There are 2 protein chains.
Amino acid sequence: MALIVQKFGGTSVGSVERIEQVADKVKKFRDNGDEIVVVVSAMSGETNRLIDLARQINPAPEPRELDVMVSTGEQVTIALLAMALIKRGVQAVSYTGSQVRILTDSSFNKARILNIDGHRIQADLKAGKVVVVAGFQGVDEKGNITTLGRGGSDTTGVALAAALKADECQIYTDVDGVYTTDPRVVAKARRLEKVTFEEMLEMASLGSKVLQIRSVEFAGKYNVPLRVLHSFQEGPGTLITLDEEESMEQPIISGIAFNRDEAKLTIRGVPDNPGVAFSILGPISAANVEVDMIVQNVAHDKTTDFTFTVHRNDYDKALAVLKQTADGMGAREVSGDTDIAKVSIVGVGMRSHAGVASRMFEALAKESINIQMISTSEIKVSVVIEEKYLELAVRALHTAFDLDAPGGQA
Amino acid sequence: MALIVQKFGGTSVGSVERIEQVADKVKKFRDNGDEIVVVVSAMSGETNRLIDLARQINPAPEPRELDVMVSTGEQVTIALLAMALIKRGVQAVSYTGSQVRILTDSSFNKARILNIDGHRIQADLKAGKVVVVAGFQGVDEKGNITTLGRGGSDTTGVALAAALKADECQIYTDVDGVYTTDPRVVAKARRLEKVTFEEMLEMASLGSKVLQIRSVEFAGKYNVPLRVLHSFQEGPGTLITLDEEESMEQPIISGIAFNRDEAKLTIRGVPDNPGVAFSILGPISAANVEVDMIVQNVAHDKTTDFTFTVHRNDYDKALAVLKQTADGMGAREVSGDTDIAKVSIVGVGMRSHAGVASRMFEALAKESINIQMISTSEIKVSVVIEEKYLELAVRALHTAFDLDAPGGQA
């Protein structure tokens, strides 16, 4: 008998039929003797419907009141799922974030969980009930309703699992696990049995959208075993845990992530003085543009070149800001490129293996793919290449690092 | 400066445009220096949409979970109205029933208010805020969300006014006040400046749908001055209060109510024994049919006739039950009639005036309208007549009791 927290997102509860299917799945676990806490999101489309309604009153609605409104989305789902369970003879009870209570700070629309009181849920579980909790929401110290910001339901699941010391937190999604890379790009991509929190974090930050990054951080911090599963298919999914035992078979690289959403900006011939990076990036961040990769080349002739990437939607804004900065500091030239892609190899195995980066560069060189930028972390190497070579690069790397599924197709 | 509780129903907040209009009205009072608490219902249609959704899961949804769901309707409205007020520069804050807290018993779907904590609202009012409260909902001692049953928002308004010792509870509706009778039937009907709680109760129970009967009871019990007003027209409305000073001009009759929704059932030749009324009506109420008027004629030949009315929708069910009862007790005959109507004259003035009933009967006799049943209370006389004479009877009584507006048309 295990205590399991199961989280179902908006698509998994997007209709009455799907809620009935979720109830079937929960019942199966319950019949198996497990203690189950279910966390659900709003039915897909509902949160946007509510936000649209609020925006008809005010394009920038009062944050506290927006949370009062948006939180009703999950409140409807918890009631429907509890009804569906009760119809199946499964004892069940629903709670809003406020009822649990999931205490958060008072940052409306993007609150952070401070504490979860598990007593009420523990008592219900002991009494044989399935507990259905509204994801994405909580309550501050003054009793105001808060929401965790979009995608916060994953975080609710993980935080509940941590508070209840659950054996596992299962995140049900529209994919059957975490893959070595996107199967739409590489047919030979394989589902991973296991991946570490660190790897998952890098993959999420690099554009793999399976899990919300905050929930992975949370799971890692409290060491909550996280499992990604398909909502409506059977299968073991992918387990995300601490890298406790270094298995013999552990691959050097766990997966290949990529991202087409970035654009590159370069400013050339800037004086190589202390503070130059801040002079360039300060105005960019003041314009509310987030910067991802940053590369500064070694100086020559007392000037240096400086390159960084931003989200493609922010490209025009960033370019205008950068041109103004360049005029102010007498830089030689500003240029940019939106036809780029970032490809990253991720794996805790690379910590103990030398030459991982060069193996990556070799594989790309063999395909004559030019590398424009390089950035590394302890368990990741990222490169920026011309966008049109993206698929070619990902497939070459997938093969070079022995990730191809035996039975897959090239 | 007065403390006013204003209640707006589902139609008054049925769209974003109407919510904006309500915000304009609230702002006008606030600018006038009044302290305002606003109680709102769910946007019209929303409660039914939620109930339909629940019924897709289970035609008889779990009552606790139904309340979790249905209560989201008002939660959306309070947030939208608060946003609309804030947009107008009016400080405002919204509260759910649970947040206030409006403590109820645990009768889900039809809970009764036990207590209201006014401290939070008082503090907000003192800070200059308009407080927007979700009608129709509360929370039980264990923190479960409850709803007061349909139409309960009026009751929330009155209960809040009582708890806050408000100067007035204003109920905004789609009519501009309480009329001497339905203006669609009698063109000379007049809006009443004032009416007593007792009269209003009788009128409501007799089919005048302006106010929910429970809210009038509540207002009478706690002596909360209640005012019925039009949501989107200017005007003083009708004030409902205690009958404190007997004014010289007080009319004997305040209004004429009528009801076409009843049907009549008669059982003839039943033994005139003790307990006969229970033998007849016991099975009817066991079948969940509510009985309104009851008349038992004086016995002759050791048998008696017994007549009562039920809602027309329950007529077939009641007739079947009654036939079975008649067989069991050897009654002579069972008959029924759905083409009837009930007409009632209501007024606290009749307490001190003799001959009110005979004046009524005289007016009907002059029009050759036959009276089938008669029932009286301290401030009301009701008769059942053939339905086709209803309009004629109401107009005749309206004139006979000097209720016609001077400028009105016959």
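**Group meeting: a two-chain predicted model**

Four bridges join strand β3 of chain B to strand β6 (residues 130-134) of chain B, and the two run parallel. Strands pair here if DSSP finds at least two bridges between them. Strands are DSSP E runs of at least two residues, helices are H or I runs of at least four, and both are numbered from the N terminus.

Some ground rules. This is a predicted model, where local features need pLDDT of at least 70, side-chain atom pairs count only at pLDDT 80 or more, and totals for chains, interfaces and linings use all residues. Residues are numbered from 1 along each chain as its sequence is written, chains are lettered from A and ligands numbered from 1 in the order written, and side-chain values use heavy atoms, without hydrogens and water.

Back to β3 of chain B, residues 92-95. B:Ala92 and B:Ser94 point one way, B:Val93 and B:Tyr95 the other. All are buried, meaning under 20% relative accessible area; exposed is over 50%, and partly exposed lies in between (1.4 Å probe, protein chains only).

Next, how do the two chains relate? A rotation of 180 degrees, with 0.0 Å of shift along its axis, superposes chain A on chain B, at an RMSD of 0.1 Å. The two copies are thus related as by a two-fold rotation axis. The same surface serves both: 100% of the contact residues of chain A recur in chain B. Contact means heavy atoms within 4.5 Å. In chain A, A:Thr72 comes closest to the axis, its C-alpha at 2.7 Å.

Now helix α3 of chain B, residues 63-70. Seven of its eight residues are buried, among them B:Arg64, B:Glu65 and B:Leu66. The buried residues pack against α4, β3 and α5 of chain A, together with α2, α4 and β8 of chain B.

Last, aromatic rings. Rings of Phe, Tyr and Trp (its six-membered ring) pair if their centres lie within 6.5 Å; planes under 30 degrees apart are stacked, over 60 edge-to-face, the rest tilted. Over all chains, that gives six pairs. A:Phe8 and A:Tyr172 are stacked, 4.5 Å centre to centre with 10 degrees between the planes. This pair links distant parts of the chain: A:Phe8 sits in β1 and A:Tyr172 in β9, 164 residues apart. Both are buried. A:Phe218 and A:Tyr222 have ring centres 5.3 Å apart and planes at 40 degrees, so that pair is tilted. A:Tyr222 is partly exposed, at 45%.

Notes
Copies are superposed by least squares on the C-alpha atoms of residues with pLDDT of at least 70 in both.
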